Amino acid sequence: MKSKKILIAPSILSADFSCLEREVKSVEKAGADWIHVDVMDGHFVPNITIGPAVVKSLRKRTSLPLDVHLMISDPWFFLDDFINAGSYLITVHSEVCTLALMRKIKAKLSASKVRLGISINPGTPIKILYKMLDLADLILLMSVEPGFGGQSFMPIVIPKVRALRKIFSKDIEVDGGITDITAPLVIESGANVLVSGSYLFKAKNKTVAIGKLKNG
Ligand code: DX5
Ligand code: ZN
């Protein structure tokens, strides 16, 4: 298979929320491809972050696609709000969706030309995805337990990326603990979208850091 372009999606979870526009502009200028927005409800994960209002505000401040990662127990309840806020791609967790619900979500997103991402936690086997693969525009494999930035990369994701790449030709995104050390491992396994929070937002030179993530 022809290798895919590597896309970098900085996670604003590690940005300074008091100056989000400046933070987003800084990664945009440094060569980011998407902006990754981590939405947490304090129920699916033990943390609370941001909601559709922030996505809506960000939409006016950046031209980059907004990659919205819903770590919430009831994605259907909030779906319209995140669509209307201007999401480019909305990722929901397979752990909270039956196949019937995933089909309903896909139909609603397609009607608004929003892409569907499906995510699994580190402990969830990829076989749970088989029956829903045809619905997904992107699969997001978590390489940390969702909930917090700055955790260590879990190598268990590598064989999962490799196995998934054999049967899935669209975007494979890896999220959690991505640095200049772990990025080459996931790229070599077949991932093409890399989320990076703490590594990028802590970097002195974000252009150099993004370059390192893309090129190993
Ligand atoms: C974790 C989030 C990640 C996280 C990544 O629940 O989904 O997007 O912010 O942050 P780092 O790159 O610091 O692991
Ligand atoms: Zn995320």
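This briefing covers the salt bridges of the structure above. The model is predicted: local features need pLDDT of at least 70, side-chain atom pairs count only at pLDDT 80 or more, and totals for chains, interfaces and linings use all residues. Residues are numbered from 1 along each chain as its sequence is written, and side-chain values use heavy atoms, with hydrogens and water left out. The structure holds eight salt bridges (a side-chain nitrogen of Lys or Arg within 4 Å of a carboxyl oxygen of Asp or Glu).

**Within one helix**
- Lys-25 and Glu-21 pair in a salt bridge, at 3.9 Å from N to O.
- The two residues sit four apart in helix α1 (residues 20–29), so about one helical turn separates them (helices are DSSP runs of H or I, at least four residues; strands are runs of E, at least two).
- Lys-25 is partly exposed, at 37% relative accessible area (buried is under 20%, exposed over 50%, partly exposed in between, with a 1.4 Å probe and protein chains only).
- Glu-21 is also partly exposed, at 37%.

**Between strands**
- Arg-115 and Asp-171 form a salt bridge of 3.0 Å, N to O.
- Arg-115 lies in strand β5 (residues 115–120) and Asp-171 in strand β7 (residues 171–175), so the pair ties together parts 56 residues apart in sequence.
- Both Arg-115 and Asp-171 are buried.

**Between helices**
- Arg-162 bridges to Glu-188, with the closest N and O atoms 3.0 Å apart.
- Arg-162 is in helix α5 (residues 157–167) and Glu-188 in helix α6 (residues 183–189), 26 residues apart.
- Arg-162 is partly exposed, at 37% relative accessibility, whereas Glu-188 is exposed, at 57%.

**Network**
- Salt bridges link Lys-5, Asp-33 and Lys-214 in a network.

Technical notes:
Chains lettered and ligands numbered in written order.
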